[in-house]
Amino acid sequence: MKQEELAGCLTRAASRHLGKPVVIEDLRPLSGGASAETWHFDALCDAVRHELILRLSPPGGKKDKNRLDRGTEAQVLANVQKAGVPVPPVHFVLDDEDGIGPGYAMQRIPGETIARKILRDDEYAEARGVMARQCGKILAGIHAVDAGLLPPLKKQPAEAGLKQLYAFYDAFGARHPVFEFALRWLQDHLPEPGDLRLVHGDFRNGNFIVGPEGVRAVLDWELAHLGDPMEDLGWICVNSWRFGHIDHPVGGFGTREDLFAGYEGAGGVPVDPAAVHFWEVFGTLKWGIICIVQAFTHLMGMKRSVELAAIGRRTSETEIDLLRLLREGK
């Protein structure tokens with residue numbers, strides 16, 4: 001859909017959902033992930049300017065059973081906000097009558113999301129000193145959300161997640177000895193099953209809006225599911241999300257000790273370091289397999305992209321990370 005056409009549809013949709021005439025201004029696309037379009041816009045209603053973000057599924061995109069549809073994602077956002085988790089408030093959810101496709105509008109939170117700037121710029125020096133504990137506190141809040149108040153979500157304990165990961169890997173037929181060794185290690189070290197909690201599923205640097213004081217909001221909830229809460233604690237420690245700052249295992253900015261202290265101090269379940277290590281290995285392998293998928297997406301002509309091809313080369317980086325982690329886990 002062209003931008004002019006989107007502006008017209010969005011004006012009508014916003015007016016209908018907000019119940020008053022709306023004027024749309026400053027509509028422009030922002031960079032975003034492969035699974036969603038992100039648009040910046042202002043909605044003027046009764047002389048009040050609402051600064052908003054439109055999160056929209058790409059037109060013609062296939063339904064991905066491993067990701068939440070936009071309506072369910074918006075419901076999760078609304079529920080975790082009520083529970084005190086810092087997220088952008090949802091203003092309205094699109095429906096078929098709007099003619100734009102699945103999506104929703106949420107409040108625009110000022111701040112930075114680019115990990116390189118958060119980890120290097122002087123403006124965020126103070127934030128870097130507190131973010132590990134903040135992340136622990138936020139995760140404790142996410143994992144405490146009453147699952148009975150959420151829309152139906154996929155249940156994915158460790159064993160189910162590992163089976164799914166192997167299926168992804170096996171489907172491409174690209175054999176990697178390190179990956180196969182890691183798969184066997186994970187099978188032999190599955191955590192004991194426990195209560196399934198709300199898990200963000202992609203809680204990492206790059207999905208935070210950050211200000212000089214620290215984390216302001218958590219974004220990208222499309223991978224939320226019910227699972228082992230240690231999964232989120234392991235995923236944020238995966239080396240790829242440190243963006244070169246490998247001596248700071250939590251997102252490139254903090255220590256595991258601060259993350260765990262923030263988590264338990266905010267009422268999170270007792271941290272199991274062995275389970276967190278399992279999920280760090282799992283997450284590293286998962287990202288390595290995603291790199292293979294991205295490369296094949298380009299090589300098989302489904303989407304020609306220099307970026308996808310470049311991500312494919314990072315597969316070897318995750319092999320090095322896995323060897324290091326498996327040596328530590330002996």
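Which helix gives the most to the lining of the second largest pocket? I started with this point and then went to the sheet.

**Entry 1: ground rules.** I am working on a predicted model, in which local features need pLDDT of at least 70 and side-chain atom pairs count only at pLDDT 80 or more, while totals for chains, interfaces and linings use all residues. Residues are numbered from 1 along each chain as its sequence is written, and side-chain values use heavy atoms, with hydrogens and water left out.

**Entry 2: the pocket.** Helix 9 gives the most to the lining of the second largest pocket, with four residues. I take helices (H or I, at least four residues) and strands (E, at least two) as DSSP runs, numbered from the N terminus. Helix 5 (158–172) and helix 9 (273–299) each supply at least two lining residues. A pocket here is an open set of points on a 1 Å grid over the protein atoms alone, where a 1.4 Å probe fits, with protein on both sides within 12 Å along at least five of seven lines; lining residues have an atom within 4 Å of a point.

I noted a volume of about 520 Å³ for the second largest pocket, the volume being the space filled by probe spheres set on the points, which are joined across faces, edges and corners. Of its 24 lining residues, Pro191, Glu192, Pro193, Gly194 and Asp228 are the closest to the centre. By class I find 14 nonpolar, four polar and six charged residues in the lining (Ala, Val, Leu, Ile, Met, Phe, Trp, Tyr, Cys and Pro are nonpolar, Asp, Glu, Lys and Arg charged, and the others, Gly among them, polar).

Entry 3: I looked up an open sheet of five strands, in the order 1-2-3-5-4 with antiparallel pairing. Strand 1 (23–30) and strand 4 (90–93) are at the edges with a single partner strand each, so one side of each has no neighbour in the sheet. Neighbouring strands are turned by 25 degrees against each other on average, direction ignored. Axes are lines fitted to C-alpha atoms, for helices over the stretch in contact, and angles run from 0 to 180 degrees between N-to-C directions. Two strands pair if DSSP finds at least two bridges between them.

**Entry 4: strand 3 and its partners.** Nine bridges join strand 2 (residues 37–45) to strand 3 (residues 48–56), and alanine 43 stands opposite histidine 50. The two strands form a hairpin with two residues between them, where aspartate 46 has a positive phi of about 55 degrees. Strand 3 also pairs with strand 5 (residues 103–107) over five bridges; leucine 56 has glycine 103 as its bridge partner.
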